[in-house]
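Thanks for coming. I will go through one chain today, starting with its overall form and then its side-chain pairs.

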Amino acid sequence: MSDYTPTTEDVREDYAIGRNEVIGAGWYSLHRAEFDRWLAAHDAVKRAEWEAEQRERIASEIEAEGADTSDGL
């Protein structure tokens, strides 16, 4: 097995070609658009997950910083 990693364009093309073979020719551009919609939805989910993790990390750091700077008052 190689270390080859396909590009997004490679995967988009393979998806569109594969769907054309299953459904029939003539729908290539629609299959590319279908892949692009899937990728956008996937990226939105991953971005939301990352943002939630960052909010939690920042809140934890702020909380820890507040505990560390307490002067007993």
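Along the principal axes, the C-alpha atoms fill a box of roughly 75 × 30 × 15 Å.

Some housekeeping. This is a predicted model, in which local features need pLDDT of at least 70 and side-chain atom pairs count only at pLDDT 80 or more, while totals for chains, interfaces and linings use all residues. Residues are numbered from 1 along each chain as its sequence is written, and side-chain values use heavy atoms, with hydrogens and water left out.

Next, the surface. How much of the chain is buried? Buried residues make up 8% of the 73 residues. Buried means under 20% relative accessible area, exposed means over 50%, and partly exposed is in between, with a 1.4 Å probe and protein chains only. The accessible surface of the chain comes to about 6,100 Å², and 57% of that belongs to carbon and sulfur atoms. Those areas come from the Shrake-Rupley method with a 1.4 Å probe; for residues, only the protein chains shown count as cover.

There is a nonpolar patch on the surface, formed by Val22, Ile23, Trp27 and Leu30, with about 420 Å² of accessible area together. A patch takes residues with over 30% relative accessible area and no salt bridge; nonpolar side chains (Val, Leu, Ile, Met, Phe, Trp, Tyr) are joined within 5 Å, and like charges within 9 Å. Val22 is in helix 1 and is exposed, at 67% relative accessible area. Ala44 is in helix 2 and is partly exposed, at 45%.

Now the charges. The chain has 8 positive and 18 negative side chains, and the centres of the two sets lie 8 Å apart. Lys and Arg count as positive, Asp and Glu as negative; His and the chain ends are not counted. Each charge is placed at NZ of Lys, CZ of Arg, CG of Asp or CD of Glu.

How many salt bridges does a search of the whole structure find? It finds eight. A salt bridge is a side-chain nitrogen of Lys or Arg within 4 Å of a carboxyl oxygen of Asp or Glu.

Glu13 pairs with Arg32, the closest N and O atoms being 1.9 Å apart. This pair links distant parts of the chain, with Glu13 in helix 1 (residues 8-23) and Arg32 in helix 2 (residues 28-68), 19 residues apart. Glu13 is partly exposed at 21% relative accessibility, and Arg32 is partly exposed at 22%.

Glu49 and Lys46 meet at 3.0 Å, N to O; they lie three residues apart, about one turn of the helix. Glu51 bridges to Arg47 at 2.9 Å. Because Glu51 and Arg47 are four residues apart in helix 2, about one helical turn separates them. Finally, salt bridges that share partners join Glu9, Arg12, Glu13, Arg32 and Asp36 into one network.

Terms used: Helix = DSSP H or I, 4+ residues; strand = E, 2+ residues; numbered from the N terminus.
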